[in-house]
Amino acid sequence: MDIELARTFLEIVSAGSFVRAAERLHVTQTAVSARIQALEAQLARPLFVRNKSGARLTPAGREFVQYATQLVQIWERARHQVAVPPGRDTVLSLGGEFSLWNSLLLNWLVWLRRDRATVALRSHVEAPDRLMDRLQSSALDIAVLYAPYHRPDVEIAPLLNEELIAVTTNLNDRALSDSNYVYVDWGPDFANHHDTAFPGLKVLIAAEI
């Protein structure tokens, strides 16, 4: 079986639709549909029921999820091991959110290159959902995220605590005021903590990072 068929199948399961899966895979929706048709022909079973809201798994599709996951994981492990360059013992695939690279991960890569010279490095900068997908399929060994969520066969551990502080250019104004407060949107997890810490503060201007 072409491993891309299994990978495309899992992408649709994760994204919930053929359209979103095509966007994630950077291919056309026609290509995604053709891959699933080829996969369904090989299995002699329909895997998805498509509707206006997206795509849902058939009983055969639900049964195939675990096997598709194992196929992709085995392939990724084999690819990593075979791709070890001369003079290296192993390959470490590291991923992270864009906002964490300059502040943390670039220095980590420099340290690994200097002190772990026998380890070949492969790095990825992607959105959290894509990083979690890559972790689950064994395409990544480690991913660093602000708010990871539980997935089967993925272990989550805290790395460090990052403290966010309020700053101002007005030296005479040391109290938070909703008249000139700028709210920075760091995502839903940050929004929950912000609302808990400052329940009465109005958001007048929003800036997405």
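Is S17 buried or exposed in this predicted model? With a relative accessible area of 7%, S17 is buried, although its place is in the loop between α1 and α2. The side chain of S17 reaches the backbone nitrogen of R20 at 3.0 Å, and, leaving aside neighbours within four places in sequence, S17 is in contact with I12, G54 and A55.

**The chain as a whole**

The chain holds seven helices and seven strands, and from the N terminus on these elements follow one another as α-α-α-β-β-α-β-α-β-α-β-β-α-β. The C-alpha trace spans about 70 × 55 × 25 Å along its principal axes, and the radius of gyration is 22 Å, whereas a compact globule of 209 residues would have a value near 17 Å. Buried residues account for 33% of the 209 residues. Of the contacts between residues at least 6 apart in sequence, 55% join residues at least 24 apart.

**Helix α1 and its surroundings**

Helix α1 comprises residues 3-15, and its 13 residues should span 18 Å at 1.5 Å a residue, which agrees with the 18 Å that separates its end C-alpha atoms. After α1 comes G16, whose phi is positive, near 90 degrees.

Because 10 of its 13 residues are buried, α1 is largely enclosed by the rest of the structure.

β1 and β2 pair in the antiparallel sense over four bridges, and a hairpin joins β1 to β2 through two residues. Within this pair, V49 stands opposite R56 in β2.

Strand β3 covers residues 90-96, and six of its seven residues are buried, so β3 is largely enclosed by the rest of the structure. From β3 the chain crosses through helix α5 (residues 98-115) to β4, and this β-α-β crossover is right-handed. β3 pairs with β4 (residues 119-125) in the parallel sense over seven bridges, and L94 stands opposite S123 in β4. The pairing of β3 with strand β5 (residues 142-144) is likewise in the parallel sense, over three bridges, and there the bridge partner of G95 is A143 in β5. The strand pairings are set out below.

| Strand pair | Sense | Bridges |
|---|---|---|
| β1 and β2 | antiparallel | four |
| β3 and β4 | parallel | seven |
| β3 and β5 | parallel | three |

**Loop residues with positive phi**

Most residues other than glycine have a negative phi, and most peptide bonds are trans. H26 has a positive phi of about 60 degrees although it is not a glycine. The place of H26 is in the loop between α2 and α3, and at 72% relative accessibility H26 counts as exposed, because the cut-off for that class is over 50%. A44 also has a positive phi of about 60 degrees without being a glycine, and A44 is found in the loop between α3 and β1.

**A histidine in helix α7**

Where does H194 lie? H194 lies in helix α7, which runs over residues 188-197. With a relative accessible area of 5%, H194 is buried, because that value is under 20%. Leaving aside its neighbours within four places in sequence, H194 is in contact with Y181, Y183 and L201. H194 is thus buried at 5% relative accessible area, whereas H26 is exposed at 72% relative accessibility.

Conventions: Residues numbered from 1 in each chain as written. Predicted model: local features only at pLDDT ≥ 70, side-chain atom pairs only at ≥ 80, totals over all residues. Heavy atoms only, no water. Buried < 20%, exposed > 50% of the residue type's maximum accessible area, 1.4 Å probe, protein only. Pairing = 2+ DSSP bridges. Right-handed = clockwise from strand over helix to strand, strands pointing away. Expected span 1.5 Å × (residues − 1). Rg over C-alpha atoms; globule rule 2.2 N^0.38 Å. Contact = heavy atoms within 4.5 Å. Polar contact = N/O pair within 3.5 Å; in protein donor to acceptor, adjacent residues only side chain to side chain.
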